[in-house]
Amino acid sequence: MAYCIGKCKEFRALKPTGIGRYAVGQKRCNYCEIFITIDSILCPCCNSQLRCLPRSRKGKELYNVQIRR
């Protein structure tokens with residue numbers, strides 16, 4: 001069982017202006033409920049896999065538009 005120990009707070013990402021979080025390269029940990037900036041695909045805190053793409057259809061469409069610029 002994974003649990004948040006608070007180490008992810010060191011990698012907390014600020015929200016970018018004018019472009020989406022995923023297009024900038026930020027990733028989200030579903031368990032810790034935080035966006036982080038890190039090269040790994042695993043959360044440094046709870047070792048769960050990070051989400052690198054949006055889940056919703058609207059979010060995916062917006063992401064595809066932003067990365068094609």
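User: Which residues make up the largest nonpolar core?

Analyst: This is a predicted model, in which local features need pLDDT of at least 70, side-chain atom pairs count only at pLDDT 80 or more, and totals for chains, interfaces and linings use all residues. Residues are numbered from 1 along each chain as its sequence is written, and side-chain values use heavy atoms, with hydrogens and water left out. A nonpolar core is a set of buried Ala, Val, Leu, Ile, Met, Phe, Trp, Tyr and Cys residues joined through side-chain atoms within 4.5 Å, where buried means under 20% relative accessible area, exposed over 50% and partly exposed in between (1.4 Å probe, protein chains only). The largest such core has 10 residues: Cys8, Cys29, Cys32, Ile34, Ile36, Ile38, Cys43, Cys45, Cys46 and Leu50.

User: Which residues does Ile34 touch, not counting those up to four places away in sequence?

Analyst: Contact means heavy atoms within 4.5 Å. Ile34 is one of the residues of the largest nonpolar core. With residues up to four places away left out, Ile34 touches Cys8, Lys9, Arg12, Lys27, Arg28 and Cys29.

User: How many disulfides does a search of the whole structure find?

Analyst: A disulfide is a pair of cysteine sulfur atoms within 2.5 Å. For Cys29, the nearest cysteine sulfur is that of Cys46, 3.6 Å away, and Cys29 is in no disulfide. Cys29 is buried at a relative accessible area of 0%, and Cys46 is buried at 8%. The number of disulfides found in the whole structure is zero.

User: Which residue forms a salt bridge with Glu61?

Analyst: A salt bridge is a side-chain nitrogen of Lys or Arg within 4 Å of a carboxyl oxygen of Asp or Glu, and the whole structure has one. The closest N and O atoms are 3.2 Å apart, and the partner is Arg57.

User: Which side chain of opposite charge is nearest to Arg28, and how far away?

Analyst: Lys and Arg count as positive and Asp and Glu as negative; His and the chain ends are not counted. Arg28 is in strand S1 (residues 27–29) and is buried without a salt bridge. The nearest side chain of opposite charge is Glu33, at 5.4 Å.

User: How far apart in space are Ser40 and Leu50, C-alpha to C-alpha?

Analyst: Ser40 is in the loop between S2 and H2 and is partly exposed at 32% relative accessibility. Ser40 touches Lys27 and Leu50, not counting residues up to four places away in sequence. Ser40 and Leu50 are 10 residues apart in sequence, and their C-alpha distance is 8.5 Å.

Notes: Helix = DSSP H or I, 4+ residues; strand = E, 2+ residues; numbered from the N terminus.
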